[in-house]
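Take a first look at the structure below. Then read on for a short walk through its parts.

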Amino acid sequence: MRFPRITHTIRRVTMLLAAAALLLGGPAAAAHASSATTGTGWIRLAHLSPNTPAVDVYLYSFGNSNAQIVLHHVAYGTVSPYEAVNAGDYSVAMRAAGASASSQPVLSTSVTIDADHAYTVAGMGPEKGLRLQVMDDDLTTPPGKALVRVIQASLKQQTVKVTCNGTTIVPKAAFASVSSYQAIPAGTWTMAAIGSGGTATQSVTLAAGTVHTLVVLDGSNGLEMISLEDAAGAGKPPLGGAATGFGGTAPHGPGSPLPWAALIGAGSLLALTGGLRLRRRGLRRQLHAEV
Amino acid sequence: MAFRRPAAIIFAAGLVVIAAGSAGLLLTRHSTPAMRPVAAGVGALPAPTGPIVAPPQSAAPRPVAAPVSLTIPLIGVSTKLITLGLASDGSLQVPPITNTAVAGWYTGSPRPGAIGSAIIVGHIDTVNGPAVFYRLDELRKGDQVYVRRADGTLVKFLVTTVQKYLKDQFPTQTVYGPTPDAELRLITCGGTFDPATGHYVSNIVVYATEAR
């Protein structure tokens, strides 16, 4: 996971310079821009700012003013499904729900999507300090375990503790923070988010090889918790590939020449023996004739 | 004259054997190519029919039923799915040699259509002919793959890429690791067959994602 606000600013400046180079017709710059887009990654968008009204969220591929994805009327507590997109540079913009697509966004950020990586871009913090945070979501799990992280999006409970069957997994999650991933054995566990003024609990089944995000929210009636299954794979990954063929349709190399050579040798011996006998008889007859 | 006959016969027999040996040597000097294509009549199948159900990947993903059959119309595959685990050496179990016409789903992987990478395995061939995944490497991006589940629902996948890996460089994380959407991995053998080990040296892996 990274919190790349500064690097994003740098990247944005870099992208602006690249755009300028493109406009000036730099073919090298164009070639570079296209070489970045190989493979696919995933992105999902979320609204986790408690006192911010619903928004429209736009995803733009870098350099394209037509949005690739638009989510309308995204309210607090919403996390979209992941969308597979080509690897490359994108920008995410938030506008007030119903605002014109051409209007100035309330917020925007850029995000670089690498192939085979997954990202969550979430509006976080209080309305007055609203920011878009880019999270690089983990897609690898330790053998036999699940990964769990916590996004604390409750403004009413500024700090919460998160426990798994009574054992603390995140001791102090501050408002608008994202915890690191915790490796937890597979099983069904009772997760609890405990604030000074309330608790939210939920039974969560964690299969081995899965990645989860727990989101702590301000509900209509105290704390709330949602459990997201972010990704899943084989809990016990097989070792190596699979032995799935017996060779019946495979190309075959030439067989050994030895049996054929032996046959030729045997034939030669036979012919030689027969030939010698014939010759001997011939000689004997000649002798008889002379006597 | 009668005395000469056995010697003449031996001589003639020797010549015949030499001729046979030479003919055999000449006729087996070239390689036999792989069997291809498959017999006529095996071709495109119609897509299966039934409700295609794609549960939303939301906060509470609905569980999906276990897979029971697989259809790949383009390459004429229509097979039931058996369940597979791990072999004693930790590798992926494969369908038995007595049943190479079926493919199997690895029960340690997600169910097809649930979030994650579902693993389905089938043989490319038997000791003397094609098996269920013989034509797997003919699939290309966009080709359709259907899995029917125990509750009768179908899930449709679209091929994204087909890769060939040497078995000693098999990318287990890419193939078996977690994915954030519903994906399918179809695995069979490919590349060169090594008669010394009795195994192919490569695997073919077809990657597909759920059509939504």
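Predicted model: local features only at pLDDT ≥ 70, side-chain atom pairs only at ≥ 80, totals over all residues.

Start with chain A. Chain A is divided into two parts: domain 1 covers residues 1–137, and domain 2 covers 138–231. These domains touch. Domain 1 of chain A gives 12 residues to the contact, and domain 2 of chain A gives 15 residues. On the domain 1 side, two elements of chain A each give two or more residues: β8 (118–124) and β9 (131–137). That side has eight nonpolar, three polar and one charged residues.

Now turn to chain B. Here eight strands close into a barrel. Follow the strands in the order β1-β2-β3-β4-β7-β8-β6-β5 of chain B; their pairing is mixed. On average, neighbouring strands of this sheet are turned by 35° against each other, direction ignored. Strand β2 (residues 77–84) of chain B and strand β3 (residues 103–106) of chain B run parallel, joined by four bridges. Within this pair, Ile82(B) stands opposite Gly104(B) in β3(B).

Last comes the contact between the chains. Chain B gives 76 residues and chain A gives 58 residues. Which elements of chain B give two or more residues to the side that touches chain A? They are α1 (5–27), β4 (116–121), α2 (172–176), β7 (182–194) and β8 (199–210) of chain B. The largest share comes from α1(B), with 14 residues. By class, this side of chain B has 41 nonpolar, 30 polar and five charged residues. Among the contributors, β4, β7 and β8 of chain B are also strands of the barrel.

Definitions and conventions: Residues numbered from 1 in each chain as written. Chains lettered and ligands numbered in written order. Contact = placed C-beta atoms within 7 Å. Nonpolar A, V, L, I, M, F, W, Y, C, P; charged D, E, K, R; others polar. Pairing = 2+ DSSP bridges. Axes fitted to C-alpha atoms, helices over the stretch in contact; angles between N-to-C directions. Domains from an automatic or database assignment.
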